[in-house]
Amino acid sequence: MTFAQRLDRIAGLTEARLGLLVGRKSEQSECRDNEVPPRLLGAIRHATLGGGKRFRPFLVVESAALFGLSERDALDTAAALECVHCYSLVHDDLPAMDNDQTRRGQPTVWKAFDEWTAILAGDALLTLAFEILSSPSVHEQPDVRVELIAGLAKAAGSAGMVGGQALDLDAERLNGGRVLSAAEILHLQSLKTGALIRFACEAGVILGRGSAEERAALRTYGLALGRAFQIADDLLDAEGDAATVGKAVSKDAAAGKATLVSLMGLEEARAELKRAEQAALDALAPFGARGAVLADAARFVVRRDR
Ligand code: GRG
């Protein structure tokens with residue numbers, strides 16, 4: 001199977017599992033009672049289904065595969081993480097944040113529904129993630145489930161993704177035009193984008209009960225991958241095509257957003273992207289040939305056009 005086929009396959013599995021986990025109208029679903037208000041349920045389904053690369057679920061499944069776990073063994077953890085990612089996109093698109101109209105080639109949730117429903121759909125997805133992780137379907141051992149819950153909470157919270165989003169918006173709106181340094185930009189991006197990507201890689205070690213050394217290696221890989229992912233995202237914003245990317249482009253410069261592209265220009269940002277790719281590849285050395293799929297994932301991040 002090629003890398004693209006593997007990514008597609010895991011995206012399909014994630015989509016199907018999420019479809020069940022978030023609930024369906026007038027049907028008994030596996031993990032929810034049947035009392036989700038229909039309009040809210042519609043917004044939750046709009047936010048989670050029918051699009052997205054499912055790159056974080058892919059990382060969960062493939063990092064777990066390093067320890068001999070099947071796709072099925074890792075899928076609910078992958079789906080829980082994707083719920084958190086989807087919530088973050090829904091909230092990021094709100095008028096008070098990025099004020100975006102299009103996401104994954106569709107109207108954003110607040111455009112398709114309204115602002116309060118988008119806020120509530122995001123809240124519901126964030127809490128659903130932890131409901132999923134508490135279920136024995138994630139792992140039979142409670143201590144593994146608790147470690148996943150704690151790890152995801154930390155990665156998503158105020159010292160992780162939410163903290164990075166706060167630093168990003170403060171820099172854009174409160175800093176009185178002060179230009180952030182490269183170190184400050186990399187720090188905020190390592191939280192905003194990197195924390196969830198890093199956790200996706202660590203989740204496989206937690207599920208597979210890997211050693212401290214293996215965890216450290218995947219953590220280093222995840223951090224470098226997250227950095228590469230964000231730089232590639234900034235390059236796509238500067239150079240990409242909106243129809244292919246699935247959302248508006250050229251927004252960062254217009255908003256005065258602090259990115260490596262705005263600070264250093266395209267060429268230096270591309271060089272930094274290559275350095276991050278190499279750091280990710282180097283971190284996989286302890287896994288030898290077993291790390292080939294994750295190595296392909298790093299190459300994919302650097303070359304992606306969406
Ligand atoms: C609102 C708490 C909160 C956080 C928002 C995720 C995020 C933080 C902001 C999104 C803005 C953005 C464009 C960040 C850059 C990297 C990123 C997370 C891109 C979107 O992820 P993809 O490319 O999206 O994996 P798909 O649609 O493929 O899932």
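Q: How far is the polar side-chain atom of H85 from an oxygen atom of the ligand?
A: In this predicted model, the distance is 2.8 Å.

Q: What about R56 and an oxygen atom of the ligand?
A: R56 places a polar side-chain atom 2.7 Å from a ligand oxygen.

Q: And R104?
A: For R104, a polar side-chain atom and an oxygen atom of the ligand are 2.8 Å apart.

Q: How much of the ligand's accessible area does the protein cover?
A: On its own the ligand has 700 Å² of accessible area, and the protein covers 93% of that.

Q: How many residues surround the ligand, and which are the closest?
A: There are 21 residues around the ligand. K53, R56, H85, D92 and R104 are the closest.

Q: What classes does the shell around the ligand have?
A: The shell splits into 8 charged, 7 polar and 6 nonpolar residues.

Q: Which helices supply at least two residues of that shell?
A: Those are α4 (71–92), α8 (161–173), α9 (182–208) and α10 (212–239).

Q: Which gives the most to the shell?
A: α4 does, with 6 residues.

Q: What volume does the largest pocket have?
A: Its volume is about 1,100 Å³. The lining is made up of 50 residues, and L89, D92, R103, D233 and K247 are the closest to the pocket centre.

Q: Switching to the second largest pocket, how much space lies in it?
A: About 300 Å³.

Q: How many residues line the second largest pocket, and which lie nearest its centre?
A: The lining has 14 residues, and E71, R72, D73, L75 and D76 lie nearest the centre.

Q: Which elements give two or more residues there?
A: α1 (3–21) and α4 do, for the second largest pocket.

Q: Which one gives the most to the lining of the second largest pocket?
A: α4 again, with 5 residues. α4 also gives the most to the lining of the largest pocket and to the shell around the ligand.

Q: Class counts for the second largest pocket: how many nonpolar, polar and charged?
A: The lining of the second largest pocket has 6 nonpolar and 6 charged residues, along with 2 polar ones.

Conventions. Residues are numbered from 1 along each chain as its sequence is written. This is a predicted model: local features need pLDDT of at least 70, side-chain atom pairs count only at pLDDT 80 or more; totals for chains, interfaces and linings use all residues. Side-chain values use heavy atoms; hydrogens and water are left out. A residue is near a molecule or strand if one of its heavy atoms lies within 4 Å of it. A polar contact is a pair of N or O atoms within 3.5 Å; within protein, one must be able to donate a hydrogen and the other to accept it, and residues adjacent in sequence count only if both atoms are side-chain atoms. Accessible areas come from the Shrake-Rupley method with a 1.4 Å probe; for residues, only the protein chains shown count as cover. Helices (H or I, at least four residues) and strands (E, at least two) are DSSP runs, numbered from the N terminus. Ala, Val, Leu, Ile, Met, Phe, Trp, Tyr, Cys and Pro count as nonpolar, Asp, Glu, Lys and Arg as charged, and the others, Gly among them, as polar. On a 1 Å grid over the protein atoms alone, a cavity is a set of points where a 1.4 Å probe fits but cannot get out, and a pocket is an open set with protein on both sides within 12 Å along at least five of seven lines; lining residues have an atom within 4 Å of a point. Grid points are joined across faces, edges and corners, and a volume is the space filled by probe spheres set on the points.
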